Amino acid sequence: MNLYTAPIDYSLTKSIEFIYVGESRAIRVRHPKASGVISLHGAHVLSYQPTGEEDLLWLSGNSQFDGKAAIRGGIPVCFPWFAKAASPSHGFARTSEWQLHAYQITQENALITLQLKDDQGTDATWPHPFKARLLFEVGEELNVTLEVMNIGGHPWTFTGALHTYLNIGDIDTLSVTGLGKTFIDKLDENAPQAEPETLSVTSAIDRIYTEPKEEIVVHDPTLGRDIIIKNSGHNSAVVWNPWQEGAQSMADMQDDGYQHMLCVESVWYAPTIEEGKTVQPAKTYQLSTNISSRPR
Ligand code: TA6
């Protein structure tokens, strides 16, 4: 699916337009420094392409884009919980319909803000009044911020993630630095582990790195670039690749999809939602990721 040749449904400005991606509306931004696309389904970033470069995000060609299922690839927004702390997996934000709240374009970047508010549907799974905003800033770097606000009278807790799928040349040639040494291994009964600081991925991986450095770097000699990830508001960085067997078992991922993606996620992790981050009434909390690239 080519997001940049999809016909315009409605133009907001000369460089910000609505398009359809499958059954869902999305907003496409074209800025001299970079282009990007965000779907209203899930406030899901689908693409971020610095001008003259390949996309920094991987998006599965087998995603359903039916306006109901979660999208595979891009940046899923996991809220109000991460992983399988409750059902559905990774929370309801990524399968909810978000609204356009604001947009702005300057010489430096374009900023799109989407919003989601609690309603009867969200109350049924997570009975807390909230407002969430997703800030999508497209310029020389990509900035994505999930801002959650407690608009009720009682504190609540949440876990969550910006579950970034990076677009990489070849998983076999790639290495990652800046993750720190300590991690919880989800493929080994959540056992705490420690390992040397440079990671090469040679089999399925699902790790919660508990002491990531300020800057995580994905070194990609095949595409001749490094991808730099700077997270904030997080307490861990999750690295995930399902490998061949995992990809084959997922209908929304091509069998060889695992070779060209690596998830490096900005996460507020806790084993249960109750042990997650507390947000007091009238307070907000921000979880962010900043993604950029440089030639190698
Ligand atoms: O962030 C890693 C993870 O939680 C993995 O355990 C893996 O299941 C992945 O996310 C994808 O989850 P999904 O619900 O999108 O299939």
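In this predicted model, the side chains of E195 and R207 meet in a salt bridge, with N and O 3.1 Å apart. The pair links distant parts of the chain. E195 sits in the loop between β16 (191–194) and β17 (199–200). R207 belongs to strand β18 (residues 205–209), twelve residues apart from E195. E195 is partly exposed, at 32% relative accessible area. R207 has a relative accessibility of 12% and therefore counts as buried, the cut-off being under 20%.

Eleven salt bridges are found in the whole structure. One of them joins E53 and R225, at 2.9 Å from N to O. This pair also links distant parts of the chain, 172 residues apart. E53 lies in the loop between β5 (44–50) and β6 (77–78). R225 lies in strand β20 (residues 225–232). The relative accessible area of E53 is 28%, so E53 is partly exposed. That of R225 is 4%, so R225 is buried.

A further salt bridge connects R296 with D226. The closest N and O atoms are 2.8 Å apart. R296 is in the segment after β24 (284–295) and D226 is in strand β20, so the bridge ties together parts that are 70 residues apart in sequence. R296 counts as exposed, at 54% relative accessibility. D226, at 7%, counts as buried.

F136 has V144 in β10 as its bridge partner.

The largest nonpolar core holds 71 residues. Within this core, W98 and L134 touch the most other members. Beyond its neighbours within four places in sequence, L134 is in contact with I38, A43, V77, W98, I112, T113, L114, V144, T145, L146 and L162. A second core is separate and has ten residues, among them Y4, A26, V37 and I71.

W98 is also touched by a polar residue, Q115. Q115 is found in strand β8 (residues 110–117). Its relative accessibility is 17%, so Q115 counts as buried. The side chain of Q115 makes a polar contact with the side chain of R133, at 2.6 Å. Another polar contact joins the side chains of Q115 and H101, at 3.4 Å. Leaving out residues up to four places away in sequence, Q115 touches W98, Q99, H101, K131, A132 and R133.

A ligand is present in the model. Its surroundings are formed by R72, F82, S89, H90, R94, H163, K186, D206, V238, W240 and E265. Three of these side chains are described here by their distances to ligand oxygen atoms. For D206, an N or O atom of the side chain is 2.5 Å from a ligand oxygen. For H163, a polar side-chain atom lies 2.9 Å from a ligand oxygen. For R72, the distance between a side-chain N or O atom and a ligand oxygen is 3.0 Å.

Several backbone features fall in the loop between β6 and β7. Most residues other than glycine have a negative phi, and most peptide bonds are trans. A cis peptide bond joins F79 and P80, with omega about 5 degrees. P80 is placed in the loop between β6 and β7. The peptide bond from S87 to P88 is also cis, with omega near 5 degrees. P88 lies in the loop between β6 and β7 as well. A83 is another residue of this loop. Phi of A83 is positive, near 60 degrees. A83 is buried, with 12% relative accessible area.

A positive phi is also found at A43, where the value is near 50 degrees. A43 is in the loop between β4 (34–39) and β5. Its relative accessible area is 1%, so A43 is buried. A43 is also one of the contacts of L134.

Technical notes: Residues are numbered from 1 along each chain as its sequence is written. This is a predicted model: local features need pLDDT of at least 70, side-chain atom pairs count only at pLDDT 80 or more; totals for chains, interfaces and linings use all residues. Side-chain values use heavy atoms; hydrogens and water are left out. A nonpolar core is a set of buried Ala, Val, Leu, Ile, Met, Phe, Trp, Tyr and Cys residues joined through side-chain atoms within 4.5 Å. Buried means under 20% relative accessible area, exposed over 50%, partly exposed in between (1.4 Å probe, protein chains only). Contact means heavy atoms within 4.5 Å. A salt bridge is a side-chain nitrogen of Lys or Arg within 4 Å of a carboxyl oxygen of Asp or Glu. Helices (H or I, at least four residues) and strands (E, at least two) are DSSP runs, numbered from the N terminus. Two strands pair if DSSP finds at least two bridges between them. A residue is near a molecule or strand if one of its heavy atoms lies within 4 Å of it. A polar contact is a pair of N or O atoms within 3.5 Å; within protein, one must be able to donate a hydrogen and the other to accept it, and residues adjacent in sequence count only if both atoms are side-chain atoms.
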